[in-house]
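Here is a short briefing to read with the model open beside you. Please have your viewer ready for picking out residues.

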Amino acid sequence: MGRKMSVVLLCVLMALGLILRLHGLSRRSLWTDEFFTLFQATGHGLDALRYLQELSQKKPPEALRAGGLKRFLRDDPARGIKDVSNSVLVTDTHPPLYFWLMHFWMRAFGESALVLRSFSVLMGVLCIWAAYCAGRVLFGNKAAVFSAVFTCISPFAVMYAREARSYSLILLLALLSVMFLARFDRKRRALDAVGFAAVNSLGIYTHYFYIFVSLAQFFYFSVAHRLDAPLLRKFYLAFICSLLLFSPWYLRVMERGYNFYLTEWLFGFPGFMNKLYYLAAGFIRYVAIYAAGNPLSSVPMLAAVALFIYMGWRTPREALKSWRRELLFCVALTGLPLAGMCCMDYALHGAVLRQERFWTFSFAGFILLAGYFLSHNFSRHKAVMYLFMLCLVISAANASGIQFGPAPERVSEWINREAKGLPSAVIVYNVRSVVFAQAYYLDDNVYVVPVSDEAQLTAAVSGLSDRAVKIFVVRHYHPTDNALMNQLFMETKDLGPGYRFEEARNSGYISVNEFVKR
């Protein structure tokens, strides 16, 4: 395949990737974590945290209008990048780069759900180009094209390019760092070492877990060039420089102290065998995504997995020997981040590998391996490869309807209809960004009452008795653990003699009990 034809095909793939990532982009509700992006990027994180803390101490809890809570989710021209940095430093568990970029993105284009997610879409389309560039440096032009093909239609890549979080940006930076490091490996140019140092630092500024990607690259280069001391010294210098570039933020974090209490989802999941299970089963998600509630989605999922295994098995052994060092690089990029997260899970009783978004950190290596295997099998098993790619496209299209977590839009629309203009209130557990997420889609005049314990729930019902004809008790359930955003006292169907239970509703990881005044 000629270079010009490859460029044309790359442009076609980027156009197809854009279509897959835009398909149904605004149909899904924003979910809880995306509301973190919304109020962090607008510089309201500190205000939101203080407000939630104040509300948790009020007895009885305060009944707020949904319209008032929405102000935390709107862009404020008076807020600048310093406000975003301070918000992230105190109220979040992530470094600031993604929020900085989103701050300027929203300032330029607005704060709708479509705008929020379109930045990730753009990063996802650029990932197709970056996969081509990295594959070309490592394995040549043919493997580069198939790396781009796989990135274009992989349901995992498509799904996380449709979420207003940092994972699409992480993948782009990981692929770019591979490109720079592979070029430095081959050509030994100082400019490529500088590019690697810069991109590696940007990756850590995007997510702390990016350090696993960095360590995989460190391991590969140290092993592959253990006998080439001058080259190793240049690499180590570039690696250290990338860490030094991150040091200003690291020192600020150390000065304030890292807020481990904000990572409550990480703890409380003991056991060793379940870690191994999620480690073994997790690779499936790279080639297939199962859509809950749609049994037919399992057909392309199982077919894609079987065909990918067949593709790897049928790759000529001599082809594997010819690219031994490059394949070591890709295996290290795929395996070491997963091994690091598995060890962290075991040491901290964590649930990192249960959450598929964290598999992004090993995905760059997997993309390049997939491109390599596809390129060596396409001419020999064209029918199988076309079927495999068709399964990926079907699964990627199914991914457009998958909800990441608690999504309040449908439930809020139902509440708005059920209220029928009557004075109504929504009681919600006061945790994370749940309060703001629930208020976002409610009518402005609906009361929202955050409660932190059973006593506050009782006091809230008593305080609402003279102003709310209908009360809706809303529970948000996180896919990792139902208890992360909900407590058992919120499950009640008895609010006392003043209200009777009317109806229950479930949608998008959210349940609602409706009560009507007697």
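The notes below cover salt bridges, the nonpolar core, a surface patch and one histidine.

This is a predicted model, in which local features need pLDDT of at least 70 and side-chain atom pairs count only at pLDDT 80 or more, while totals for chains, interfaces and linings use all residues. Residues are numbered from 1 along each chain as its sequence is written, and side-chain values use heavy atoms, with hydrogens and water left out. Helices (H or I, at least four residues) and strands (E, at least two) are DSSP runs, numbered from the N terminus.

**Salt bridges**

- The structure holds 15 salt bridges, each being a side-chain nitrogen of Lys or Arg within 4 Å of a carboxyl oxygen of Asp or Glu.
- Side chains of opposite charge can pair when their charged atoms come close.
- Glu326 pairs with Arg186, with 3.0 Å between the closest N and O atoms. Since Glu326 sits in helix α18 and Arg186 in helix α10 (residues 167-187), this pair ties together parts that are 140 residues apart in sequence.
- Glu326 is buried at 13% relative accessible area, whereas Arg186 is partly exposed at 44%. Here buried means under 20% relative accessible area, exposed over 50%, and partly exposed in between (1.4 Å probe, protein chains only).
- Arg188 forms a salt bridge with Asp228, and their closest N and O atoms are 2.8 Å apart. The pair links distant parts of the chain, 40 residues apart: Arg188 is in the loop between α10 and α11 (190-206), and Asp228 is in the loop between α12 and α13 (229-256).
- Arg188 is partly exposed, with a relative accessible area of 41%, while Asp228 is buried, with 18%.
- Lys470 and Glu514 form a salt bridge whose closest N and O atoms are 3.2 Å apart. Lys470 lies in strand β4 (residues 470-476) and Glu514 in strand β6 (residues 510-517), so the pair joins parts 44 residues apart in sequence.
- Lys470 is buried at 8% relative accessible area, and Glu514 is buried at 0%.
- Salt bridges that share partners join Asp47, Arg50, Asp76 and Arg79 into one network.

**Nonpolar core**

- The largest nonpolar core has 178 residues, and Phe150, Phe388, Ile427 and Ile471 touch the most other members. Such a core is a set of buried Ala, Val, Leu, Ile, Met, Phe, Trp, Tyr and Cys residues joined through side-chain atoms within 4.5 Å.
- Helix α7 (residues 113-139) gives the largest share of this core, 16 residues.
- Ile427 has contacts (heavy atoms within 4.5 Å) that include Val449, Leu464, Ile471, Phe472 and Met490, not counting residues up to four places away in sequence.

**Surface patch**

- On the surface, Phe219, Val223, Leu328 and Leu336 form a nonpolar patch with about 280 Å² of accessible area together. Accessible areas come from the Shrake-Rupley method with a 1.4 Å probe; for residues, only the protein chains shown count as cover.
- Patches are made of residues with over 30% relative accessible area and no salt bridge, with like charges joined within 9 Å and nonpolar side chains (Val, Leu, Ile, Met, Phe, Trp, Tyr) within 5 Å.
- Helices α12 (210-224) and α18 (324-348) each supply at least two of the patch residues.
- Leu328 lies in helix α18 and is partly exposed, with a relative accessible area of 30%.

**A histidine to look up**

- His381 is placed in the loop between α19 (360-377) and α20 (382-398).
- His381 is buried, with a relative accessible area of 13%, and touches Tyr310 and Arg314, not counting residues up to four places away in sequence.
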